[in-house]
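Student: Please take me through one part of this model closely. I would like to see the place where the two chains meet, and then what lies around it.

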Amino acid sequence: MTDLLDPIPLLPLPPATFHILLALSDVDRHGYGIIQDVSARTNGELKLSAGTLYRSIQRMLEQGLIAETADRPEPELDDERRRYYRITPFGQDVARAEARRLVGLVELARVSGFVTGSA
Amino acid sequence: MLYSALLYLLPASFRGEYGTEMRAVYVRRRRDVDSIFGWIALWLETLADLIVTAVQAHWDVLRQDLGHTFRTLRHSPGFTFTVIAVTALGVGATTAAFSITDHVLIRPLPLPDSERLVALWEKVPNYSQMEASPANYRDWKRMSSVFEYMGAYRGLAVNLSGDGPPVYLEGSSMTAEVFRLLGVKPALGRVFSAEDDRTGAAGTVILSDTLWRSRFGADPTVLNRKILFDGKPYIVIGVMRADFYFPRREVALWTAMRFEESDFEDRNNNYVNVIAKLPPGTTATQALAQMNVVALQLEKQYPRENAHVSVGVEGLRDDVSNGAKILLYALVAASLCLLLITCTNLANLLLARGMVRRKEIAVRTALGAGRERLVRQLLTESLLLALAGGTIGIILAVAAAPLLAKLVPNSLPIAEIPAVDFRVLGFAALITTLTGVGFGTLPALRNARAGVAGLQEGSRSGVGGRRERLRGLLVVGQVTSSVVLLICCGLLIRALWRIESTNPGFQSEGVLTMRTSLPMPKYEATAKRAQFYNQVLAGVQALPGVSGAAYTSSIPIVWRGGVLPVSVDGKLQDPTELERASMRVVTPGYFKTMAVPLLAGRDVSESDTLQTLPVAVVSESFVHRYWPKDDPLGRHFHFVEIERTVVGVVGDVRVRGLERTSEPQVYLPYKQQKDAWYTWYAPKDLALRISGDPSSVMPAIRRIVATADPEQPISDVQSLSDIVHSDSAPRAVQVRVLGGFALLAFLLAGVGIHGLLSFAVSSRAQEIGVRIAIGAESRNIFAMVLREGAVLCAAGVVLGLALAYAAAVSMQSVLAGVKPADPPTFIAGICLAALMTFAGSLLPALRAIRVDPIAVIRNE
């Protein structure tokens with residue numbers, strides 16, 4: 001298992017992983033919920049397939065980025081087949097580190113004149 | 001539903017974890033679909049996703065398992081080394097045996113449409129495969145309609161002179177049809193056309209790749225060059241490719257075969273090989289049916305010459321002697337036996353290791369690894385080990401291939417050493433995988449089943465009982481296989497000894513032989529040949545250490561043919577009993593040189609000439625056949641055209657090699673050979689008896705021959721002992737290989753017994769400790785362990801003896817008269833098995849009596 005204190009070895013994150021972390025940043029979600037949230041955030045540009053999603057989830061669980069949660073929503077909204085995932089503090093660290101990395105990258109691009117218009 | 005079925009593409013662990021949810025996602029998505037196009041798009045996307053995910057997920061698992069395997073194996077280098085080495089031996093042996101057998105017996109000949117090529121033979125009583133006479137060949141060709149083409153060829157020996165020292169070359173002369181029906185293209189130039197067969201056409205020759213490279217430096221401008229064979233000019237019209245070996249490997253050149261009218265006169269002078277190509281869809285059996293009709297017509301037409309002459313039609317592929325086939329099959333069977341032993345031994349090793357790893361496996365099970373996941377992990381481990389072993393095994397097999405070359409009969413137009421190609425590698429890969437799965441599956445299933453039970457204290461005996469029974473069975477299997485191998489190998493060794501101790505009829509030690517094949521028509525005149533022989537023999541006999549020298553048509557075993565019909569006292573023989581004798585033309589002193597005993601009368605002499613009475617020296621069996629009770633000297637018999645008188649009787653010689661009884665022999669004096677008469681029999685092999693190092697006289701002999709005829713090459717210099725040994729060389733090689741297999745099997749079985757008993761002793765240390773504590777004597781403990789080994793051994797031996805007998809019966813024809821139930825061999829097999837069991841049980845038994853009862857009981 002990855003050293004819980006150091007997010008750096010995991011970077012850069014695969015895009016799907018980063019999106020899943022973003023989807024879980026505010027609330028616990030089940031698999032299909034993640035797919036819908038990612039799709040909504042990207043205006044429908046990124047539709048995670050079931051395979052990609054669950055392979056990512058499997059790896060993220062192993063890496064300790066997310067955890068399965070026993071907290072369930074209100075019974076009338078719940079489906080007992082669903083499993084809910086929650087971002088871990090380490091997951092948050094990693095998402096932040098990845099975001100910093102991306103910002104740094106964009107800064108570099110800006111210096112090189114590749115980024116036009118307002119940020 | 002379909003989606004659920006497709007989920008089975010995923011690794012079971014992944015499916016178990018996420019399958020339900022993936023299905024749920026799929027269901028939600030399907031719900032959103034509102035058109036047939038949407039549905040198709042969803043399915044295409046889903047299918048692609050599942051396949052990609054499956055590959056990735058399997059790869060993830062494999063990577064994990066490999067990582068785990070590497071870590072575990074690094075911690076047990078002894079185990080790893082043993083498994084890899086044992087697998088390498090098993091796979092190597094099987095691959096080597098397969099590649100040679102495939103090469104000789106299975107793979108199509110390296111000729112286009114080779115399955116349609118057949119050889120045609122004359123069949124007479126006692127001889128199932130005789131060359132045809134030119135006249136019969138011509139009639140077969142004329143009267144049959146079942147073949148696409150029919151052609152003929154014969155052996156050819158020429159002296160190549162000019163451009164460097166003269167060399168003796170063996171080749172083949174063939175009619176134009178032969179190249180056409182073989183369907184091969186030359187590397188350079190062209191093959192023969194009907195024009196080349198015409199009487200009076202310029203001589204043409206096609207070179208083998210070897211000759212082209214060795215003699216002409218691979219010169220591409222060699223075409224149309226004139227070269228001299230036996231002093232006659234031939235024009236080079238082509239060069240064949242390196243992989244063309246027809247009719248035999250040794251062939252260095254091909255010339256066109258021409259028949260003169262005179263060649264068709266003697267229907268009993270059989271010297272041409274006939275080959276034909278069947279049209280697609282026609283079988284050799286159908287062709288044979290027509291040829292039988294043709295043969296009957298010819299017999300009616302030529303009742304005297306063709307009496308009882310029928311025709312044999314046989315696929316060219318099948319021209320492998322039964323003995324060679326059986327030896328190869330035995331080799332394959334032996335290698336499979338060895339592979340089986342390898343697998344059982346490894347399975348046992350893994351089972352034992354599984355016991356050691358119970359704790360680890362139990363912990364992993366407790367942490368949530370499913371059984372499927374564990375089995376997969378364990379199988380990955382065994383497959384990885386098998387792969388490593390298999391790779392080394394293939395390298396071993398390739399390295400060993402030249403050692404097996406002696407098992408490739410030279411009657412087939414194939415390379416001497418089997419090529420390592422995809423076919424062989426594919427087989428090796430298959431064997432490796434089977435080995436890995438074979439030795440890995442059972443232990444993996446068993447070990448994974450143990451599960452969490454391994455964490456409980458004192459759980460040992462519960463699982464161990466069944467497992468030990470299984471391991472016991474595996475050991476019995478090993479003992480059985482090794483007993484079968486040992487006994488078969490023993491029988492073949494006995495057969496080899498018997499053959500090697502066969503008296504060839506001459507003393508081979510101290511005899512050097514070589515060939516000076518005199519070219520015709522230059523040496524057609526008997527007087528001219530006599531001059532050559534006398535000059536060479538006089539020179540050679542004057543050399544230091546030479547106590548005898550003589551010329552003969554051919555050294556025994558080197559040429560086994562040359563048998564001709566005999567009739568006695570003018571009586572017409574019963575044609576079904578057509579009796580033949582082997583004919584050799586010799587110079588005086590031949591019997592003394594070869595140490596063939598002269599039993600009565602005299603040797604041929606210089607005074608036996610065409611002006612004197614035709615005489616012959618015959619062998620003992622000849623006398624036995626015709627005049628068993630009378631004095632043979634002075635008797636007459638009709639042989640090769642004329643009446644001859646017996647002047648001497650000598651011992652029998654194994655002309656046809658050590659394994660076969662030869663026809664009786666007739667020796668004719670060299671000066672009674674008429675000019676240009678049966679020139680094939682003109683003496684060409686020189687034998688000399690010499691004390692000391694034979695190689696020291698070779699320079700002198702070369703000078704002597706060069707003085708007699710500067711254009712005369714010397715070839716085939718070899719000792720008579722080597723010739724005799726080469727006769728049993730394929731057997732010797734085979735016995736050595738089988739012996740190696742048997743030895744390995746034997747050792748592995750011993751290791752198997754040792755492993756099983758060691759494990760039994762250590763897992764029952766407590767019981768043994770208690771027994772010792774309550775007063776059991778060391779003697780009894782020792783006997784108890786030995787008894788366990790003995791029971792396994794006895795079961796294996798009983799089974800092994802039965803199987804070995806069955807195997808021996810099936811290969812009786814190569815046992816050279818050794819009985820399939822040869823008592824000494826079987827007893828030796830039993831003793832060896834007992835010895836092996838004792839050796840394998842000894843250490844565990846000693847360990848058992850050294851068990852310290854106090855330590856064991858305290859441990860519990």
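Tutor: The contact draws 18 residues from chain B and 20 residues from chain A. Contact here means heavy atoms within 4.5 Å. Keep in mind that this is a predicted model: local features need pLDDT of at least 70, side-chain atom pairs count only at pLDDT 80 or more, and totals for chains, interfaces and linings use all residues. Residues are numbered from 1 along each chain as its sequence is written, chains are lettered from A and ligands numbered from 1 in the order in which they are written, and side-chain values use heavy atoms, with hydrogens and water left out.

Start with area. About 1700 Å² is buried between chain B and chain A, and carbon and sulfur atoms give 50% of it. Buried area is the accessible area (1.4 Å probe) that two parts lose on being put together, summed over both. On the chain B side, B:Tyr18, B:Glu21 and B:Arg28 lose the most area to chain A. Together they account for 33% of what that side buries.

Three salt bridges are counted between chain B and chain A. A salt bridge is a side-chain nitrogen of Lys or Arg within 4 Å of a carboxyl oxygen of Asp or Glu. B:Asp60 forms a salt bridge with A:Arg55, and their closest N and O atoms are 2.4 Å apart. Nine residue pairs, both at pLDDT 80 or more, are in polar contact between chain B and chain A. A polar contact is a pair of N or O atoms within 3.5 Å; within protein, one must be able to donate a hydrogen and the other to accept it, and residues adjacent in sequence count only if both atoms are side-chain atoms.

Which elements of chain B supply this side? Helix 2 (12-32) and helix 3 (36-75) of chain B each supply at least two residues of the side that touches chain A. Helices (H or I, at least four residues) and strands (E, at least two) are DSSP runs, numbered from the N terminus. Helix 2 of chain B gives the most to that side, with 11 residues. The residues on the chain B side divide into seven nonpolar, four polar and seven charged. Ala, Val, Leu, Ile, Met, Phe, Trp, Tyr, Cys and Pro count as nonpolar; Asp, Glu, Lys and Arg count as charged; the others, Gly among them, count as polar.

From the N terminus on, the elements of chain A run α-β-α-α-β-β-α. Of the 119 residues in chain A, 41% are buried. Buried means under 20% relative accessible area, exposed over 50%, and partly exposed in between (1.4 Å probe, protein chains only).

Chain A has an open sheet of three strands in the order 1-3-2, with antiparallel pairing. Strand 1 (29-30) and strand 2 (66-69) of chain A stand at the edges, each with a single partner strand, so one side of each has no neighbour in the sheet. Two strands pair if DSSP finds at least two bridges between them. Four bridges join strand 2 of chain A to strand 3 (residues 84-87) of chain A. Within that strand 3, A:Tyr85 is the bridge partner of A:Glu68.

A cis peptide bond joins A:Leu11 and A:Pro12, with omega about -10 degrees. A:Pro12 is found in the segment before helix 1 (15-23) of chain A.
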